[in-house]
Amino acid sequence: MPESHEDERSLSAALDELGIDSRWAVWDSPAESFETADLVVLRSTWDYTSRMKEFVDWCESVPTLANPARVVRWNSDKRYLAELAEAGVPVTPTRVVEPGDRARGDNNPELPDREFVVKPTVGAGSWGAARFLPEQRERALLHLRSLHDEGIPALVQPYQPVVDREGETALVFFGGVYSHGFVKGPLLDPADDATGSAGLGKGPFATDPAPELRRVAEDVLDATGELLGVARYEFLYARVDLVRGEDGEPMLLELELIEPRLNFLLADRAAPLRFASAVRAELARRAA
């Protein structure tokens, strides 16, 4: 998006208020030179999932990138959920099914005996994700095989019914510090045709996340920092998407460290300034 998404039009003015000269640029434009920038911040690069190798190679060519290229590489593949689960983070139960795994028909253990979701390990939004009822196992296997035929590993997760009632809670952090939160409604219907089209689509709307959600989100960032060997403040931006399980306890659904929509339009008016302050702190850290 050459001039950014409308949600982020306020960022240029916020940066300007802090004396930071900024402009929008298309990441793959041959006319752009990113080498002279003190800081290059990923925002609306929403075509990257269909050009993953090209995008990651470009990220690695930009030493001043935020978030850094190694964070992009790790976060671009949702298999990171399994790593965080092993690190002790409460994560939505997730099974990774690789293209080489054999499907075993109706007794396939990869498919839960309850409503579940199948989605690619690499993808943005609801692309390639589909929600299935238990009696739709054959249809789910076809979708799983269609992903595998393209060489794409898949995640299989039990669907959390609370999403239909409460949605997902997204918590936004700048420089490792909490900024604001919002709720996203369910994106997939059980009747979805497995093309990743939007389902109920309720929300988003602003929210003040409950303390237990804040705690889990903080734990997610701390665990991620330990896995990647970085301090929390080195994540210029992060969005932690949480959902409650059947027992009411928060669980991680996704961690967005590449180009998440931050919904400034739903946040208080100071949110863009908090982002700008995090940018200024990052510039100072790199200049030290």
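Is Arg 286 buried, partly exposed or exposed? With a relative accessible area of 29%, Arg 286 is partly exposed, where buried means under 20% relative accessible area, exposed over 50% and partly exposed in between, for a 1.4 Å probe and protein chains only.

The model is predicted: local features need pLDDT of at least 70, side-chain atom pairs count only at pLDDT 80 or more, and totals for chains, interfaces and linings use all residues. Residues are numbered from 1 along each chain as its sequence is written, and side-chain values use heavy atoms, with hydrogens and water left out.

**Salt bridges**

Side chains of opposite charge can pair when their charged atoms come close. The whole structure holds 25 salt bridges, each defined as a side-chain nitrogen of Lys or Arg within 4 Å of a carboxyl oxygen of Asp or Glu.

| Pair | N to O distance | Relative accessibility |
|---|---|---|
| Asp 28 and Arg 51 | 2.8 Å | Asp 28: 32%; Arg 51: 23% |
| Asp 77 and Arg 79 | 2.6 Å | Asp 77: 16%; Arg 79: 29% |
| Arg 286 and Glu 282 | 2.6 Å | Arg 286: 29%; Glu 282: 4% |

Arg 286 and Glu 282 both belong to helix H8 (residues 271–287), where four residues, about one turn of the helix, separate them. Helices (H or I, at least four residues) and strands (E, at least two) are DSSP runs, numbered from the N terminus. Glu 282 counts as buried because its relative accessibility is 4%.

The pair of Asp 28 and Arg 51 links distant parts of the chain, 23 residues apart. Asp 28 sits in the loop between helix H1 (11–17) and strand S1 (40–41), and Arg 51 in the loop between S1 and helix H2 (52–60). Asp 28 counts as partly exposed, as does Arg 51.

**A sheet of four strands**

Strands of a sheet pair through backbone hydrogen bonds, either parallel or antiparallel. Four strands make an open sheet in the order S3-S6-S4-S5, with antiparallel pairing; two strands pair if DSSP finds at least two bridges between them. Strand S3 (95–97) and strand S5 (130–132) stand at the edges with a single partner strand each, so one side of each has no neighbour in the sheet. From one strand to the next, the twist averages 25°.

Strand S4 (residues 116–120) and strand S6 (residues 154–158) run antiparallel and are joined by five bridges; Val 118 has Val 156 as its bridge partner in S6. Helix H5 (residues 137–149) lies across S3, S4, S5 and S6, at about 15° to S4. Such axes are lines fitted to C-alpha atoms, for helices over the stretch in contact, and angles run from 0 to 180 degrees between N-to-C directions.

Lys 119 lies in strand S4 and counts as buried because its relative accessibility is 11%. The side chain of Lys 119 makes a polar contact of 3.3 Å with the side chain of Gln 157. A polar contact is a pair of N or O atoms within 3.5 Å; within protein, one must be able to donate a hydrogen and the other to accept it, and residues adjacent in sequence count only if both atoms are side-chain atoms.

**A sheet of five strands**

Another open sheet has five strands in the order S9-S8-S7-S10-S11, again with antiparallel pairing. Strand S9 (205–207) and strand S11 (250–256) are its edge strands, each pairing on one side only. The twist averages 30° from one strand to the next. Six bridges connect strand S7 (residues 168–174) with strand S10 (residues 237–244), which run antiparallel, and Phe 173 has Ala 238 as its bridge partner in S10. Helix H7 (residues 211–228) packs on this sheet, touching S7, strand S8 (177–184), S10 and S11, and its direction makes about 130° with that of S10. Contact here means heavy atoms within 4.5 Å.

**Nonpolar cores**

The largest nonpolar core has 36 residues, of which Leu 42, Phe 55, Trp 58, Cys 59, Leu 65 and Phe 174 touch the most other members. Such a core is a set of buried Ala, Val, Leu, Ile, Met, Phe, Trp, Tyr and Cys residues joined through side-chain atoms within 4.5 Å. At least two residues of this core come from each of H1, H2, strand S2 (65–66), helix H3 (69–75), S7 and H8. A second, separate core of 26 residues includes Leu 155, Val 220, Ala 238 and Val 240.
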